[in-house]
Amino acid sequence: MFKLTCFSVFLFFIYSTHAYSQDLDTDSLKAVLSESEGNSRINTLNELGTNLREISQEEAMSYSIEAEQLSKELKNKSGEAKAKENIAWIYYRQGQWQKSFSYSEKAYELALQASDYGEAARILNNLGALYYEQQNFSMAIVQFKEAYRISKSTDDLYTQIRSLNNVGYNFIQLGELDSALYYANKSIETNRNAGSPYLTAFTFRIIGDVNLAKAELDLAEAAFRKSLDYAEIQGILTLKASLLHRLGNTLLQKGNLVEAEEFLKRGIKLSSENSFLDELTKSHKYLAKVYEAEGKIAAAFEEQSKYLSLNDSLLGQTNKDRLALLQGMFQDNLKKSELELLQAQNENQANRLQFINRIVWVISIAGVLILMLSIWLVRLNKKKREQNIDLEQKSKELEKINQAKNKLFSILGHDLRSPIGQVKNCVDLLLAGELEKEEFEELIGNIKKDVDTVYLTLNNTLKWSLTQMEGFKLNKREIKYSDTVSSILALIKPQLEEKLIQIQSDFQNELPIMADPDLIEVAIRNIITNAVKFSKPGDNLIIKSLGYGESVKLCITDHGVGMTKDQINQILSERITISDSKPGTLSEQGSGLGLQICKEFVKMNGGDLSIESTPNQGTTVCIVLSKA
């Protein structure tokens, strides 16, 4: 659901694809399908796939796959291209951009082979949408302009309008507003013959975006309202949500705060009900500014907090999806390059073998020369193997360095952005004189939590970074669990008092352990902090140690929200990953990385970390280390 909502800013790529489908309704097509065979059945299946792909994706996928298979059997390239284009668009709507790119590329090749240029133009719009998701707006414009050129030559009016709208929208992303306005006006002129209110709605939204960027607020408001009227008529919820926050922002800039608040609240309600996260994020952002302008500081802070939280999640997921698409496109191009290289190598190899045969025929008379050539080849191969081994070793070292860098950037980007943003927001309001002393004192508790979160994250990250540096050495010495636990409990005493957490400790007959005190202190502090975070106010924490054999075990047990098996498996996996951290029982924030660092630090000290948990009942985390 998350990935689907991220597409709303670019929704005109999606719905306008209905325009070129036939006017037959779905029920009529299904009735025809039961009696159709061969190429006629392929056409009917593809029409059903097109009509249903925005309504029932599972059903549309089933029809499209059957059309694809039947087209292959009958060698109908045009039918196969259309089936693959439908499948590609369904994958696009599901956020599986790499699969969408692969199917679109194959569909385009088949359409050209079948001389089905109308289909080729529609597929180019799909490919342009994927380049947009990659934020390669210039390349997206190239695809859309080519789609317009082809659709114009085939008199495909709807694809022409769709392509013009797409070109205009991408010029906005590049900041080329005059070009965007030119293509929007050209779309309106072309659309006069089509009379499609849906396509016109998107055109006026583009015009509104251009006017807003030029600070021509009256013109922007008029364009957005006209687009909203069309959206209301058509019942297009995602387009309506995108227009509500645009109108709210425009009215805010005009100083019409009451009406701006009304539009933004409508947008929040609509986006929340339909999980349109991108539109919901923008609505919270602009509503925070409206409240700030009205002097409602507490309400503004609440809306800003919602915006920062949603924007963090949306940005992280979008970057992951975009990286997957970029990687897929890169791998696809890489495979083509490897194929071309292999073909060139085969040709070179064939020429080489032919040449060697001639040489062998010539030098077969002289055995000494053959022997010398053999020795030379052996040495050459040996040298090549040595070079390959050296190159492989350097590649592995480079990969390790790159992985360490990626981990560090992921931690810093994921954990520090939101809390620092909250603190900055409060400081900005205070310096601007918009925050009274009483209001600041109300917020100081939240600021303290944010600062604690940043401190814990930085401490974890710095400790982990030191362990990744070349030349790092463990400084093991004899320590006791009880000493480390006591210092940690003293450090987090305010959190314990805030949640009325009682500590029950048992260190009778405690045995000392041999470990690096700094790393073990970080590990135990993260475990205890995590237990407090997910405990309910008034709960007890049980901390006890037990010696057996050559080891000493420390266990921390809480009675909080617990974890699922999948969460435990992710924490205990071999690699460190950034997971989505859930807020604590009092909305405490975290990184989702602390327990994984604990696992790594304990492992570096020759120990083991285990987790037992039951959702809604509690969690027990144990550390086992060798006794001194």
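Reader: Which residues of the largest nonpolar core touch the most other members?

Author: Happy to start there, with the reminder that this is a predicted model. The largest nonpolar core has 39 residues, and those touching the most other members are Tyr92, Ile123, Leu124, Leu127, Leu130, Val167 and Phe171. Several helices each supply at least two residues of this core, including helix 6 (77-93), helix 8 (117-133) and helix 10 (157-173). The largest share, nine residues, comes from helix 8.

Reader: What is Ile123 in contact with, leaving aside its neighbours within four places in sequence?

Author: Ile123 is in contact with Ala81, Glu85, Ser104, Ala107, Tyr108 and Ala111. Another core lies apart from the largest one; it has 34 residues, among them Ile479, Ala515, Ala523 and Ile524.

Reader: Why does Ser271 count as buried?

Author: Buried means under 20% relative accessible area. Ser271 has 1% relative accessibility, so it counts as buried. This serine sits in helix 15 (residues 257-274).

Reader: What makes the approach of Ser271 to the backbone oxygen of Gly267 a polar contact?

Author: The cut-off for such a pair of N or O atoms is 3.5 Å. A polar atom of the Ser271 side chain lies 2.9 Å from the backbone oxygen of Gly267, so the distance is within that cut-off. Setting aside residues within four places in sequence, Ser271 is also in contact with Ala241, Phe276, Glu279 and Leu280.

Reader: Why is the pair of Cys555 and Cys622 called a disulfide?

Author: Two cysteine sulfur atoms must lie within 2.5 Å. Those of Cys555 and Cys622 are 2.1 Å apart, so the pair meets the definition. Cys555 lies in strand 5 and Cys622 in strand 7, so the link ties together parts that are 67 residues apart in sequence. With 110° about the S-S bond, this link is right-handed. Cys555 and Cys622 are both buried, and the structure holds one disulfide.

Reader: What is the strand order of the open sheet, and what kind of pairing does it have?

Author: The five strands run in the order 2-4-5-7-6, with mixed pairing. Strand 2 (502-506) and strand 6 (608-614) each have a single partner strand, so they stand at the edges and one side of each is left without a neighbour in the sheet. On average, neighbouring strands are turned by 15° against each other, direction ignored.

Reader: How do you know that strand 6 and strand 7 pair?

Author: Pairing needs at least two bridges. Strand 6 and strand 7 (residues 618-626) have seven, in the antiparallel sense, so they qualify. Thr614, for example, stands opposite Gly618 in strand 7. Helix 24 (residues 594-604) packs on the sheet and touches both strand 6 and strand 7; its direction makes about 145° with that of strand 6.

Definitions and conventions
Residues numbered from 1 in each chain as written. Predicted model: local features only at pLDDT ≥ 70, side-chain atom pairs only at ≥ 80, totals over all residues. Heavy atoms only, no water. Helix = DSSP H or I, 4+ residues; strand = E, 2+ residues; numbered from the N terminus. Axes fitted to C-alpha atoms, helices over the stretch in contact; angles between N-to-C directions. Contact = heavy atoms within 4.5 Å. Buried < 20%, exposed > 50% of the residue type's maximum accessible area, 1.4 Å probe, protein only. Core = buried A, V, L, I, M, F, W, Y, C linked by side-chain atoms within 4.5 Å. Polar contact = N/O pair within 3.5 Å; in protein donor to acceptor, adjacent residues only side chain to side chain.
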